[in-house]
Amino acid sequence: MSDTQIKKIIEDFGSATKRAIDCGFDGVEIHGANHYLIQQFFSKWSNKRNDFWGGSLEKRMNFAKAVTDKVFKTAKKYAPKDFIIGYRIPPEEIHDTVGYTWHESTQLIKTLTSEFDFDYIHLSLPEYNSKPNDSDKSFAELFQPALGDAIKEIIVGNIMNESDAEDAIRYADLVAVGRATLIDPQFGLKIQEGRGNEIIEKISPEQVKKSHLTPGLINIFSDPKMEPHLSGRESIYDLHQKGTLDESVIKNGTGASYNLDNFKK
Ligand SMILES: Cc1cc2nc3c(=O)[nH]c(=O)nc-3n(C[C@H](O)[C@H](O)[C@H](O)COP(=O)(O)O)c2cc1C
């Protein structure tokens, strides 16, 4: 990307924030996670630049800082005072080589939270209590000092039932639930109403219908190669359409690059 293209993208983050405000959203989450653009700039695995936007740790932070600055300025101008702004980040990126360590990502978070008035930081984790190789503490515990008391910490990752949620909330202020809510959209409601034991944890043909899963999600959840796999997925193997799952999705475990062309027919 040229310098001009980068500056245009930063403007676009401002426009996206404005659209969210105009639509009446309560807030926005800056997506610095899961190999999307902001993470690509922060990672030395993907960022091979040697200019203002890359080279040293400080320079790899510049894109995240510029996007954050644009989002906050846009919110200040157009949003109500209680508009929520968060930042999502995986604590570390390890491939054959290291994209960044949690030591570096805590530096980024310290920098962002000292310069901007974030409401929360959302750690994107494979398991809510995941730990790095060089500490006995969980990532959630390791990031807490960088946030202080005012900024809330959210964790996500393999919270599949009420007891997982109860355990996870010991580590952070809030827990987020992804796949389990797709299987049973009443996950939160059932806990709130004291019916956590009624949460449906297994995917099944019946639950696919009840939850109104999209074709893309059905195909991912029924793919025998998809990891981590969902409990009960064998019961929906026959709903799987072979050859539609992008190899990178199988490897990275997200639906970010899912090809829906086969469903359009
Ligand atoms: C089908 C699917 C698609 C996903 N797509 C994205 C995505 O586009 N962007 C992203 O940041 N995370 C994505 N994720 C990851 C989730 O946001 C979440 O971090 C992950 O599923 C772990 O939470 P869970 O164990 O509660 O599902 C996706 C996950 C699944 C299962």
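## A tucked-away serine

At 1% relative accessibility, Ser 138 counts as buried (buried means under 20% relative accessible area, exposed over 50%, partly exposed in between, using a 1.4 Å probe and protein chains only). You'll find Ser 138 in the loop between strand S5 (120-124) and helix H6 (139-147); helices (H or I, at least four residues) and strands (E, at least two) are DSSP runs, numbered from the N terminus. Skip the neighbours within four places in sequence, and Ser 138 is in contact with Asn 129, Ser 130, Lys 131 and Tyr 171, where contact means heavy atoms within 4.5 Å.

## About the model

This is a predicted model, where local features need pLDDT of at least 70, side-chain atom pairs count only at pLDDT 80 or more, and totals for chains, interfaces and linings use all residues. Residues are numbered from 1 along each chain as its sequence is written, and side-chain values use heavy atoms, leaving out hydrogens and water.

## The nonpolar core

A nonpolar core is a set of buried Ala, Val, Leu, Ile, Met, Phe, Trp, Tyr and Cys residues joined through side-chain atoms within 4.5 Å. The largest one here has 62 residues, and Ile 85, Tyr 87, Ile 109, Phe 118, Ile 121 and Ile 155 touch the most other members. Helix H4 (residues 62-78) gives the most to this core, with seven residues.

## Helix H5

Among the buried residues of H5 are Trp 102, Leu 108, Ile 109 and Leu 112.
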